[in-house]
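Here is a short briefing for a first look. Keep the structure open while you read, and check each point against it.

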Amino acid sequence: MLNRQGRPSRPEEAAAPAAATFTGNRGLQMEEPLLFEIGRAEVTGVDLPEVPATPGRLGRFARRTPLDLPGLSEPETMRHYVRLSRQNHAIDLGTYPLGSCTMKHNPRLNEQMARLPGFADIHPLQPQKTVAGAVALMEELSHWLLELTGMEAVALSPKAGAHGELCGMAAIKAAIAARGETRSVVLVPESAHGTNPATAALLGYRVVPVPARADGTVDPAEVKARLSSDVAAIMLTNPNTCGLFERDVAEIADAVHAAGAFFYGDGANFNAIVGKVRPGDLGIDAMHINLHKTFSTPHGGGGPGAGPVVLSRALAPFAPLPFLCRDDGRTVLVESPAGCEAGEQPFGRLTAFHGQMGMYVRAMAYMLSHGADGLRQASEDAVLAANYVRVRLADLFHAPYGDRPCMHEALFDDTSFEGTGVTTLDFAKAMIDEGYHPMTMYFPLVVHGAMLIEPTESESLASLDLFIGALRDLAQRARAGGAEAFRAAPQLAPRRRLDETRAARAPKLTWKTPEAAE
């Protein structure tokens with residue numbers, strides 16, 4: 001029998017916890033200093049032999065002051081990063097509703113496959129004959145991507161979506177140059193991801209915006225009015241960042257092609273249409289595919305990522321090195337212009353080697369485990385989940401484009417908060433106290449106070465109901481006059497609200513010791 005003497009055994013019998021602790025910790029929520037505050041430059045966590053004196057070869061470039069790096073033992077290092085990881089939200093912890101980000105579950109089967117020695121332990125400088133299995137996997141992945149998109153060629157090497165945009169637009173620029181033309185304008189809808197105009201500008205193009213019509217989609221008439229012999233391409237996302245399918249995409253493609261321009265499709269939201277429609281059939285000439293979104297390879301942390309680009313027949317000859325081809329019945333990776341056949345004019349190369357093998361393996365494992373029917377169902381379930389959220393919140397949140405079905409994400413504006421004193425930012429901060437990473441805020445820019453929610457197909461009905469319940473409760477509290485509490489949120493996170501404007505405009509990028517900071 002449990003000994004109850006001298007201690008409370010019911011929740012209401014327990015005293016309230018103290019407001020402060022000696023360590024600054026709150027139970028298992030650790031207060032973690034910076035790495036520089038833990039380590040000491042004069043110690044090291046490993047034993048190394050003395051470095052023998054050797055003649056210096058750096059001359060005036062040799063360092064004259066100590067590195068001043070913190071020295072930590074292995075337990076100290078491990079605990080530091082584990083404690084930091086516990087202060088972050090993650091898809092392995094709960095719903096991650098970032099709109100236009102497709103934060104889906106990363107199956108552990110994919111991780112096991114990526115760690116197979118034949119994939120994990122190879123080196124990009126090995127002779128190709130020693131990595132035939134890896135090259136075969138790249139060929140199989142290419143086949144699936146081409147089948148799913150209806151395109152002619154694929155460049156696997158881009159490392160991310162924006163990198164893929166650069167690849168596709170560079171291929172377009174090369175194709176136009178091969179015709180002996182020079183074009184200087186790229187059309188970009190106002191609802192586009194910010195990387196679209198940035199990519200076009202990086203390649204030297206002048207960006208001309210295309211406004212959205214009242215229903216959140218692009219009007220073909222607006223595109224046609226801006227087409228000329230100086231337009232190189234249009235960069236359009238479908239489904240768009242408002243979570244809506246661009247129903248006039250084929251008409252837009254026909255008009256763009258008639259003007260001698262190309263159609264770049266931003267594939268960031270491909271997860272909504274996999275197995276349902278092939279972008280190539282809609283007239284798209286180039287499109288990047290975020291393997292870390294659509295095909296479940298891990299997100300974030302600056303890499304590794306993968307953003308392969310599929311190309312139409314018109315752009316296929318300009319695919320960058322390296323690329324795959326068949327030679328005497330076997331697949332080879334062409335790594336230099338010397339290996340190109342007549343008509344192949346690669347615009348150059350984007351990476352030193354072939355790209356991220358681990359991402360290829362994870363994506364391929366995802367595709368094979370789902371099969372064609374499973375990939376299609378994943379898209380259908382993602383769209384169903386987004387519409388479930390949209391309908392369940394319709395009485396408390398205002399949808400800027402009316403009561404119409406969405407695709408993979410549900411979009412709301414801040415109309416419902418008018419007169420409450422609560423902003424979209426306040427609402428998002430309050431979500432942190434409920435245990436949720438905020439949805440995408442203030443994007444797309446065409447919607448005031450935008451809140452963009454993408455639940456993906458990973459969430460169960462129970463998970464969606466809990467998430468919806470939390471949002472409904474917050475909305476009702478905002479309407480009941482709880483603005484002050486919203487402005488104080490988050491109160492339960494490891495850190496309180498920061499001055500984000502000051503952090504962006506005057507960031508402190510260098511750590512200084514307390515003595516030096518004084």
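Thr-102 is buried, with a relative accessible area of 0%. The residue sits in the loop between α2 (74–85) and α3 (108–114). Although Thr-102 is not a glycine, its phi is positive, at about 50°. The model is predicted, and the values below are computed from it.

**Other backbone features**
- Ser-296 also has a positive phi without being a glycine, here about 70°.
- The loop between α10 (291–294) and β7 (309–311) holds Ser-296. Ser-296 is buried, with a relative accessible area of 1%.
- The peptide bond from Phe-443 to Pro-444 is cis, and its omega is near 5°. Pro-444 belongs to the loop between β11 and β12.
- Ala-489 and Pro-490 are joined by a cis peptide bond with omega of about 0°. Pro-490 lies in the loop between α14 and α15.

**The protein as a whole**
- The protein has 518 residues, and 45% of them count as buried.
- It contains 16 helices and 12 strands.
- The C-alpha trace spans about 85 × 75 × 55 Å along its principal axes.
- Take the contacts with a sequence separation of 6 or more: 72% of them join residues 24 or more positions apart.

**Helices α5 and α11**
- The axes of α5 (residues 132–149) and α11 (residues 357–392) come within 10 Å and cross at roughly 45°. That makes α5 oblique to α11.
- The crossing of α5 and α11 is left-handed.
- On the α5 side, the contact includes Leu-137, Leu-141, Trp-144 and Leu-148. On the α11 side, Tyr-360, Met-364, Met-367 and Leu-375 are among the residues that take part.
- By class, this contact of α5 with α11 has 16 nonpolar residues, one polar and one charged.

**Nonpolar cores**
- The largest nonpolar core has 56 residues. Leu-141, Leu-145, Leu-187, Val-223, Leu-291 and Phe-295 touch the most other members.
- At least two residues of this core come from each of α5, β2 (185–189), β3 (206–210), β4 (231–237), α9 (249–258) and α11.
- α11 gives the largest share, 11 residues.
- Setting aside neighbours within four places in sequence, Leu-291 is in contact with residues including Leu-141, Leu-145, Ser-296, Tyr-360 and Ala-363.
- A second, separate core has 29 residues, among them Cys-406, Met-431, Phe-467 and Ala-470.

**Helix α12**
- Is α12 (residues 424–433) mostly covered or mostly open? It is mostly covered, with seven of its 10 residues buried.
- Those buried residues are Thr-424, Asp-426, Phe-427, Ala-428, Lys-429, Ala-430 and Met-431.
- They pack against β11 (440–441), β12 (451–453), α13 (461–479), α14 (483–488) and α15 (500–505).

**Helices α6 and α7**
- The axes of α6 (residues 161–178) and α7 (residues 195–202) come within 10 Å, crossing at roughly 45°. The two helices are therefore oblique to each other.
- α6 and α7 make a right-handed crossing.
- Ala-162, Glu-165, Leu-166 and Met-169 of α6 meet Thr-195, Asn-196, Thr-199 and Leu-202 of α7.
- The residues of this α6–α7 contact divide into four nonpolar, three polar and one charged.

How values were computed
Residues are numbered from 1 along each chain as its sequence is written. This is a predicted model: local features need pLDDT of at least 70, side-chain atom pairs count only at pLDDT 80 or more; totals for chains, interfaces and linings use all residues. Side-chain values use heavy atoms; hydrogens and water are left out. Axes are lines fitted to C-alpha atoms, for helices over the stretch in contact, and angles run from 0 to 180 degrees between N-to-C directions. Helices (H or I, at least four residues) and strands (E, at least two) are DSSP runs, numbered from the N terminus. Angles under 35 degrees count as roughly parallel, over 145 as roughly antiparallel, 65 to 115 as roughly perpendicular and the rest as oblique. A crossing is left-handed if the near helix is turned anticlockwise from the far one by less than a right angle, and right-handed if clockwise. Contact means heavy atoms within 4.5 Å. Ala, Val, Leu, Ile, Met, Phe, Trp, Tyr, Cys and Pro count as nonpolar, Asp, Glu, Lys and Arg as charged, and the others, Gly among them, as polar. A nonpolar core is a set of buried Ala, Val, Leu, Ile, Met, Phe, Trp, Tyr and Cys residues joined through side-chain atoms within 4.5 Å. Buried means under 20% relative accessible area, exposed over 50%, partly exposed in between (1.4 Å probe, protein chains only).
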